[in-house]
Every structure is written in C-alpha cells, then in structure tokens.
Amino acid sequence: MAAAGLSVVVLERGQYPGAKNVWGGILYREPTEAMAPGFEEEAPLERPIIEQRYLLLTDKAMMGAAYRSQRLATPPYNAYSVLRAPFDQWYAGKAEEAGAEVYPEFTVVDLLWEDGAVVGVTTGDAEGELLARCVVIADGVNSLLAQRIGLHREWAPIEQALVAKELIALAPDVIEARFALPAGMGTALEIFGESTAGLLGYGFIYTNRESLSIGTGALLEDLIETGLNVNDILDRFKAHPAIAPLIEGGETLEYSGHLIPEGGYNRLPQVYADGAVVIGDAAQLVNPINREGGNLAMLSGKLAAQAVVEAKAADDFSAMSLSRYRELLDESVIMADLRAIRNVTDFAHGRPHLLRDYPEVLSEMFEDYLRVSDVPKETKLKKMVGRAMALPKRRLMADLFGAARSLL
Ligand SMILES: Cc1cc2nc3c(=O)[nH]c(=O)nc-3n(C[C@H](O)[C@H](O)[C@H](O)COP(=O)(O)OP(=O)(O)OC[C@H]3O[C@@H](n4cnc5c(N)ncnc54)[C@H](O)[C@@H]3O)c2cc1C
C-alpha cells in the first residue's frame, strides 16, 4: 500500500515488531521472495532446510521417513529456519523503506466508527485516535478487533491448537553432528504420536544457527477433554529416549505458549467490512498440515493491500468494494490449499486411535522383524501380516477411506 503511494501506519503493541510473535518456524523462500525480492541477501535467516523428517513415536520407539536431497541443499533453497524477533524487525524495515510509518508499543484497544463503518483506531488515551479510510486488522489468532467488529466470534476449542515451544541454545557444530548436517545447513522434524501424548497435533524440532526450536501442540478441544497440559506434554516429549539426546546439554533461552487457528476453510470468518479487512491468523488463514501460516499471513496482506489500493482508486471503502479482497483470496493458492484439507481436522479428531493405536502396532511389527533370532524371516513376515490382519477391519477400512476422502 505504501509502495502504491497510500499513507500507511503500522501499530504494534510489542516493544518492536517480532517481540510478541511465536512460531516454529520455517519460512518458505518462494512466497517470501514474492513479498520482498532479494530477501535472502539481507534478511536475518538461520539455516536453509535441506531435509524433512516425519517421525512417529511410541513411548519406547521411534520410526519414520526422511527426505534429503541435493536439490534442497542447493540454491535456490525451498525454506529457511527463522527467528521472528530479528526477522520481523527486518521485515518491518522493508515496510518503512516503502514509506510506511511503523510505531511499536502502541496497543489498539478499539476501532472508531461512524455510521456503522470503521473509520480508524484508538489506543485508548485522549491523543490516541488515528483516523483511516481503511483498517487492516492483523492482530493475530485472538483478534479482539475482528471480534469487536462482529466479523468473528471467539474461536471454539476445536478451531484452535495450543502449542508450547522452547528455544534451546546449542553450539552449531553440536547441532550439525547430532542431526548429521553439513555446516550451515538445517533440518525440520515433525513428530507424531507420543510427542503429543497421542493427541491430534504434532511435535517439532527445527535447527537454527545456534539453537533448536522444539515444541509440541494439540487441538485445544482434545487438551480440554483429556485434561492434559501442553507444558507437561512438552516435558514428556523432551524426555523421550529418542529426543533427549538431541537436546542434551542445551540451555533454554525462551519458553512460549501460543494458539494456532485451525478452523480452516469450513470456518473462515467474513474478512471484510465497511472500512476494514482482516488478514493472517486473525482471519484463520493457517494450513496446519504444512505448518504454513507466516506465508499465508504475508500473502493475505498483499491481497488485502491490492483490494485497498483499488478501493482508494475508486474512492470507495465500503464492504461491497472491499469484498474484492475475498475474491482475490478465493483465486489464490491460499484458498485452494485450505479447501483441499478442509475436512482433515474433523476426520482425525473423530479417530483418536489414529495416533494412539497404530504407532504401537507398527512398532511391534518392526521390533519383531528387526530382531535376529532362529525364527526364519518368512515366519516373521507371516506374523506381521497376521498382526495387520488382526486389526479391526471395518475400522481400518473406514480410516483408509476416510483419510483418502478428506484429502482428495
Ligand atoms: C508454535 C507455532 C509454530 C508455528 N510454526 C510455523 C512455521 O514453521 N511456519 C509458518 O509459516 N507458520 C508457523 N506458525 C504460524 C504463524 O506463526 C502464524 O500463522 C503467523 O505468525 C500469523 O501472522 P499474523 O501477523 O497474522 O499474526 P501474529 O504473528 O500473531 O502477529 C500479530 C501481531 O499483532 C500484534 N497485536 C495483537 N494485538 C494488537 C493490538 N491490539 N494492537 C497492536 N498490535 C497488536 C501482536 O503483538 C503481533 O505482533 C506457527 C505458529 C505457532 C504458534
């Protein structure tokens, strides 16, 4: 918007942009390049991600799949690990370079209204009123401002996940040795099963330059139902025999907890009103399956900006005019991706055995197969097939068809 010549003010309640933000966090190169061309030269990035590991934990075992390739390890990279505090300050600087004014330590407490339309914001004190033709609401998952305007309600527990995360300091050579990484390169681990005490969600470990981001989270509804506490689940995850050696000797630098909006496509709120648009987490724009939220926030910001620039040209900031933003969203990769996974959470939430029972069965099968004894391999294979056949068939078929249906 600033680049298009509009007068733009960014109000941030934190001491600086990035001070209050929590993520894993993996930043994808291509969408970021589209927002800030040449960012790899200047932005504070941690490590290029050259490998993805998907792991399944039981209380005693770990199994999984890994993908590492020379293509991922050669520029242009696919993704980087990133720490929000330095990155967001740099990114806010780009907005300033384009002409926006960025004011940290200003908390918006309410919107200003005139004839039912939003006409600005207030920080609550006498001199804290700022008038604007359009307010871009980007206040994150709880979005008190979008609630004020009636665009959304408080999210239900099934529409959000609660995550606990730690940043653990480790020397770069220790990180590289423990994760078998070339110097300066990074990996991303997503870990299911025991990492969330079997609840719907996952644990993660991402390698930064001199630290690891480790966290775990689950659907709030499941946490409430089971009475489990996400901080305890993180402690349990960190103490797991397959995880503890990865973080051993590390010093905890930060501990944070945060919600992730997971209502997705089926529960997306209205994202425009007279004089306002809603972007990012405030609009539920997160793809939890692919841990994408940062890029969706940035892209939705860009699409909202396009709609606002068009509204300015037409001198019309009505809801009708700003509904162009929703049109742009619908045509974008954001909605295509969210539509594709729209039933996954409901599917998996209805099947608590998925991350609880199947990992145990798989683990038993691997254990039997790998243990060398006087039992012939053929007998072991037959036993494995027998173990798989002993699973409740109806449930297995329903799980397989349900998974395919929710993804296709
Ligand atoms: C543990 C965790 C791991 C994640 N991992 C990843 C990942 O690896 N990759 C990825 O792409 N996404 C990830 N996400 C999702 C991603 O962090 C979010 O989708 C993204 O940060 C959304 O950006 P946003 O600007 O909409 O909201 P936020 O980042 O939450 O920013 C909202 C901002 O608004 C400010 N604010 C709030 N209220 C007010 C107010 N009243 N006045 C002024 N300022 C206010 C806040 O201080 C904050 O700076 C993760 C999220 C979590 C919680």
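This is a working chat about the predicted model shown above.

User: What kind of model is this, and how are residues numbered?
Analyst: Residues are numbered from 1 along each chain as its sequence is written. The model is predicted: local features need pLDDT of at least 70, side-chain atom pairs count only at pLDDT 80 or more, and totals for chains, interfaces and linings use all residues.

User: Which domains does the protein have?
Analyst: The domain assignment gives domain 1 (9-48 + 61-152 + 268-342), domain 2 (158-261) and domain 3 (346-407). Such bounds come from an automatic or database domain assignment. The centres of domain 1 and domain 3, taken over C-alpha atoms, are 41 Å apart.

User: How many residues surround the ligand?
Analyst: The ligand is surrounded by 31 residues, and the closest are Gly24, Gly140, Gly280, Gly293 and Gly294. A residue is near a molecule or strand if its C-beta atom, placed from the backbone, lies within 6 Å of it.

User: Which domains do they come from?
Analyst: Domain 1 and domain 2 each supply at least three residues of the shell around the ligand.

User: And which helix or strand gives the most?
Analyst: Helix α9 does, with three residues. At least two residues each come from β1 (9-12), β11 (160-169), β15 (251-261) and α9 (294-314). Helices (H or I, at least four residues) and strands (E, at least two) are DSSP runs, numbered from the N terminus.

User: How does the shell divide by residue type?
Analyst: The shell around the ligand has 11 nonpolar, 12 polar and eight charged residues. Ala, Val, Leu, Ile, Met, Phe, Trp, Tyr, Cys and Pro count as nonpolar, Asp, Glu, Lys and Arg as charged, and the others, Gly among them, as polar.

User: Switching topic. Which residues touch the most others in the largest nonpolar core?
Analyst: That core has 90 residues, and Ile137, Val277, Val278, Ile279, Ala304, Ala307 and Tyr325 touch the most other members. The largest share of this core, nine residues, comes from α9. Domain 1 and domain 2 both give residues to this core, so the core lies between them. A nonpolar core is a set of buried Ala, Val, Leu, Ile, Met, Phe, Trp, Tyr and Cys residues joined through C-beta atoms within 7 Å.

User: What is Ile279 in contact with?
Analyst: Leaving aside neighbours within four places in sequence, Ile279 is in contact with Val136, Ala138, Ala297, Ser300, Gly301 and Ala304. Contact here has two residues' C-beta atoms, placed from the backbone, within 7 Å.

User: Ala197 has a positive phi. Is Ala197 buried or exposed?
Analyst: Ala197 has a phi of about 55° although it is not a glycine. Ala197 is buried, with 22 other C-beta atoms within 10 Å. A residue is buried if 20 or more other C-beta atoms lie within 10 Å of its own, exposed if 12 or fewer, and partly exposed in between, with C-beta atoms placed from the backbone.

User: And Asp315, buried or exposed?
Analyst: Asp315 counts as exposed, with 8 C-beta neighbours inside 10 Å. Asp315 also has a positive phi, about 50°, although it is not a glycine, and is found in the loop between α9 and α10 (319-322).
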